[in-house]
There are 2 protein chains.
Amino acid sequence: MKELNPLLHSQLRLAVISILMNVEEADFVYLKEKTESTAGNLSVQLDKLSNAGYISVEKGMSGKRPRTICSITPEGRKAFEEYVEVLKTYLNI
Amino acid sequence: MKELNPLLHSQLRLAVISILMNVEEADFVYLKEKTESTAGNLSVQLDKLSNAGYISVEKGMSGKRPRTICSITPEGRKAFEEYVEVLKTYLNI
DNA sequence: CCGAATGGTTTATAAAATAAACCAAATATC
DNA sequence: GATATTTGGTTTATTTTATAAACCATTCGG
């Protein structure tokens, strides 16, 4: 049985990647609402995905407020697709 | 996004359940080899699955050697199937 | 016998997830 | 126009989880 990429095999990080697979980009607030996570937890997990090179995180300003915009990178997309393939062998689908 | 049953969302426990979904029963040694886990880790995770009522664990003897036989319970089967359904919404499949 | 192998369990440690506390700036309140 | 509150986060502490290490009883092999 092949290993499940531990960086993706985490509910919150998987949820984030799953969302980013389907949109051009998503900001911190949107991800927080969609995943129903706390800000602290989301912040930590975004860092991990970013450090792994799976997502890009741009910190900018929207008017006068900070705005963090995330998007998936090609490596992130590849890692997710591989993860899904491995997972399928566990799920028998 | 629905929650992924944390008892099943663990590589080793998922691997064990996945195996047990496809066989009548499996013993400790077989599970250890198939999952390439350490005995200690497997022992702990089998306990958790057993305490959750997802598998039944029968400790008996095969000749003079101990033999632990595991099989999935109806609740375990149900939990796995639900887990797969939820996971599919994350994987877009 | 004595050392290694088998089939585990228990306990300690490392890693992960989560929560709590905090911070700066903006906005609303009185 | 001070001050309390909200927004959009980060950092640090705590809890939970996974993993590894140590151990134990029995058996087998020389």
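The model is predicted: local features need pLDDT of at least 70, side-chain atom pairs count only at pLDDT 80 or more, and totals for chains, interfaces and linings use all residues. Residues are numbered from 1 along each chain as its sequence is written, while chains are lettered from A and ligands numbered from 1 in the order in which they are written.

Next, select the buried residues of α4(A): A:Gly76, A:Ala79, A:Phe80, A:Tyr83 and A:Leu87. They sit on the same side of α4(A) because they cover an arc of only 100 degrees around the axis, the arc being that of the directions from the helix axis to the C-beta atoms. Show α1, β2 (55-62) and β3 of chain A as well; the buried residues of α4(A) pack against these. Helices (H or I, at least four residues) and strands (E, at least two) are DSSP runs, numbered from the N terminus.

Now take α4(A) end to end. The helix has 18 residues and reaches 26 Å from its first C-alpha to its last, close to the 26 Å expected at 1.5 Å a residue; the expected span is 1.5 Å times one less than the number of residues. After the helix comes A:Asn92, with a positive phi near 60 degrees.

Move to the chain contact. Here 15 residues of chain A are in contact with 16 residues of chain B (C-beta atoms, placed from the backbone, within 7 Å). On the chain A side, α1, α2 and α4 (74-91) each give two or more residues, and α1(A) has the largest share, six residues.

Finally, display the DNA. DNA strand D is surrounded by 21 residues, the closest being A:Gly40, A:Ser43, A:Thr68, B:Ser10 and B:Gly40. To see the elements beside strand D, select α2 (28-35), α3 and β3 (65-72) of chain A with α1 (11-22) and α3 of chain B, each of which supplies at least two residues.

Notes:
A residue is near a molecule or strand if its C-beta atom, placed from the backbone, lies within 6 Å of it. Two residues are in contact if their C-beta atoms, placed from the backbone, lie within 7 Å. A residue is buried if 20 or more other C-beta atoms lie within 10 Å of its own, exposed if 12 or fewer, and partly exposed in between; C-beta atoms are placed from the backbone.
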